[in-house]
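Please examine the model below with attention to its helices, its ligand site and its backbone geometry.

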Amino acid sequence: MTTKKDLLPIELFKGEGIKILDQSLLPREKTRVFLKDTESVIKAIQSLQLRGAPLIGIAGICGLAIGSSEYGTEKQALEKVAKKIIGSRPTANELGLLITEALQKCLELTPRKRNQFLWNFAEKKLELQKQNDLKIAKLGATLSGITGGVLTHCNTGPLATGGNGTALAIIQECWQQGNIDRCYATETRPLLQGARLTMWELEQMGIPATLLPDTAAASLISSGLISAVITGADRIAINGDTANKIGTYGLAVLANRHNIPFYIAAPTTTIDKFCSTGKDIPIEHRDSSEVGGFRKERWTTKKIDAYNPAFDVTPGDLITAIITEHEILKPPYQQPITKVTEHNLYGEKDDV
Ligand code: MRU
């Protein structure tokens, strides 16, 4: 019997390291791993042992804190570690945003205070993410028309944020309010976050769930069983163009074709004010081996070439609304997105 605690993806041991749930092995093996050097944190992020944009942002700050014990708290050492961690996965906005913010703020302090500051800062961001998840869920559930069956993609639950999640938290709230009766989850090839993680989370939440191959999405939506598609995001440009797990764009096109809403749920930390459109968003391309097999299993004959982008960009004009912790943004997005980023964390006083 698994409990809510089993879904906890990260635990902070300030001054020592982090304990993570190895998401690459779920749901078959529930292995917790203690990471106490930056290299292991980077490897965990790259191998998706730790994943989801908000979670890797928080883990990234922890990596910097760990690095400050390993390599010292002088500016040059910290900048080097920060750069390395930020480079480990290019698309998720939180990784760069939160590490940059942590670095800037800790450099305002004397070197001997920096390690402690970084740990406190990571803890604070994790707490903030938990609160933001709750706000996103409540706000999202106020949208009318999310009834019957909803479709989601990839994984946006507790495993992806350290809190209740984003899109999946809205789905949970809608279910608790009695508005939906089933969540459909795409398997999310090639790394199967939907099949392995979302289905497992839905099971813990007690929400009736149906898994589908990614290729069945058009058939499902055209059957009329889906009232809305709700996904998360990895990076949102100022004009609303949104990068999320590969396959998201296709779902948005389908939703549009079949006249159902397509929603993005994300904290404002996912907005990149330096990206004016989706063309500015860096897209991670991953190794061909992920398409030619899974874990140790290979189904291609030899080392093949594969097209394996981890994310795609959905144009803002296909997105019915973006649910943030502050408000629900509606198109055209330029003005509301610019405004909502003003609430943002930069400039906030940190008494950590
Ligand atoms: O490659 P992943 O598993 O890290 O991709 C995650 C996603 O695409 C999520 O939808 C996104 O990070 C939002 S998580 C709340």
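This is a predicted model: local features need pLDDT of at least 70, side-chain atom pairs count only at pLDDT 80 or more; totals for chains, interfaces and linings use all residues.

Residues are numbered from 1 along each chain as its sequence is written, and side-chain values use heavy atoms, with hydrogens and water left out.

Q: How many of the 10 residues of helix H7 are buried?
A: Helices (H or I, at least four residues) and strands (E, at least two) are DSSP runs, numbered from the N terminus. Buried means under 20% relative accessible area, exposed over 50% and partly exposed in between, with a 1.4 Å probe and protein chains only. The buried residues of H7 include Ala-167, Ile-170 and Cys-174. H7 (residues 167–176) is largely enclosed by the rest of the structure, because the number of its residues that are buried is 8.

Q: Are H3 and H4 roughly parallel or roughly antiparallel to each other?
A: Axes are lines fitted to C-alpha atoms, for helices over the stretch in contact (heavy atoms within 4.5 Å), and angles run from 0 to 180 degrees between N-to-C directions. Helix H3 (residues 75–86) and helix H4 (residues 93–107) pack at about 175°, with their axes 10 Å apart. Angles under 35 degrees count as roughly parallel, over 145 as roughly antiparallel, 65 to 115 as roughly perpendicular and the rest as oblique. H3 and H4 are therefore roughly antiparallel.

Q: Which residue has a polar side-chain atom 2.5 Å from an oxygen atom of the ligand?
A: Of the 18 residues around the ligand (a heavy atom within 4 Å), Arg-51, Arg-89, Asp-234, Asn-244 and Lys-245 come nearest. A polar side-chain atom of Asp-234 lies 2.8 Å from a ligand oxygen atom, and an N or O atom in the side chain of Asn-244 is 2.7 Å from a ligand oxygen atom. The residue at 2.5 Å is Arg-51.

Q: What is the omega of the peptide bond from Arg-189 to Pro-190?
A: Most residues other than glycine have a negative phi, and most peptide bonds are trans. Pro-190 lies in the loop between strand E5 (180–186) and helix H8 (193–205). The bond from Arg-189 to Pro-190 is cis, with omega near 5°.

Q: Is Leu-48 buried or exposed?
A: Leu-48 lies in the loop between helix H1 (38–46) and helix H2 (53–70), and its phi is positive, near 65°. Because its relative accessibility is 6%, Leu-48 counts as buried.

Notes
A polar contact is a pair of N or O atoms within 3.5 Å; within protein, one must be able to donate a hydrogen and the other to accept it, and residues adjacent in sequence count only if both atoms are side-chain atoms.
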